[in-house]
Amino acid sequence: MPDDAPKSAYEIAMARLRKKDQEEGVTEKPITDEQKAAIAEARKVAEARMAEREIMHRSALARATDPAALEKLEEEYRRDRDRIANDRDRKIAEVRKGR
């Protein structure tokens, strides 16, 4: 029974992407339970590191009074958050690739 129901733009785009992947030889393989556990662990560690960094940041903000020092603390906090997120994403990508 053919599916003659109207498709949303999302469904059409996803179908095109799947077709493109098939033409390029890209195969989709489901992740294993071990990979799921490793990804969950990477996210959990990153979340804990973010929470720890936020606590330290708030403590430093409470002690700082100089506007230049506040700006420096904010920049360091943003940089640390980005670094933690990048580390998390890198680890997840490695797990998905099977490393």
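This is a predicted model: local features need pLDDT of at least 70, side-chain atom pairs count only at pLDDT 80 or more; totals for chains, interfaces and linings use all residues.
Glu 75 is partly exposed, at 37% relative accessibility.

**A pair in helix H3**

Glu 75 forms a salt bridge with Arg 79. The closest N and O atoms are 3.9 Å apart. Arg 79 is also partly exposed, with a relative accessible area of 46%. Both residues lie in helix H3, which covers residues 67–97. They sit four residues apart, about one turn of the helix. Side chains of opposite charge can pair when their charged atoms come close.

**Arg 90 and its partners**

Arg 90 is partly exposed, at 41% relative accessibility. Arg 90 makes a salt bridge with Asp 87, with 3.9 Å between the closest N and O atoms. Asp 87 and Arg 90 both lie in helix H3, three residues apart. A salt bridge also joins the side chains of Arg 90 and Glu 94, at 3.3 Å from N to O. Glu 94 is in helix H3 too, four residues from Arg 90. Its relative accessibility is 30%, so Glu 94 counts as partly exposed. Salt bridges with shared partners link Arg 49, Asp 87, Arg 90 and Glu 94 into one network.

The table lists the pairs described so far.

| Glu 75 and Arg 79 | 3.9 Å | four residues |

A search of the whole structure finds nine salt bridges.

**A negative patch**

Now to helix H1 and the surface. Asp 21, Glu 23, Glu 24 and Glu 28 form a negative surface patch. Glu 24 lies in helix H1, residues 9–24. Glu 24 is exposed, with a relative accessible area of 53%. Glu 23 is found in helix H1 as well. Glu 23 counts as exposed because its relative accessibility is 62%. Glu 23 and Lys 91 are 68 residues apart along the chain. Their C-alpha atoms are separated by 29 Å.

**The whole chain**

The protein chain has three helices and zero strands. Along the sequence, the pattern reads α-α-α. The C-alpha trace spans about 70 × 35 × 25 Å along its principal axes. The radius of gyration is 22 Å, whereas a compact globule of 99 residues would have one near 13 Å. Buried residues make up 16% of the 99 residues.

Conventions: Residues are numbered from 1 along each chain as its sequence is written. Side-chain values use heavy atoms; hydrogens and water are left out. Patches are made of residues with over 30% relative accessible area and no salt bridge: like charges are joined within 9 Å, nonpolar side chains (Val, Leu, Ile, Met, Phe, Trp, Tyr) within 5 Å. Accessible areas come from the Shrake-Rupley method with a 1.4 Å probe; for residues, only the protein chains shown count as cover. Lys and Arg count as positive and Asp and Glu as negative; His and the chain ends are not counted. The place of a charge is taken as NZ of Lys, CZ of Arg, CG of Asp or CD of Glu. Helices (H or I, at least four residues) and strands (E, at least two) are DSSP runs, numbered from the N terminus. Buried means under 20% relative accessible area, exposed over 50%, partly exposed in between (1.4 Å probe, protein chains only). The radius of gyration is taken over C-alpha atoms; the globule rule is 2.2 Å times the number of residues to the power 0.38.
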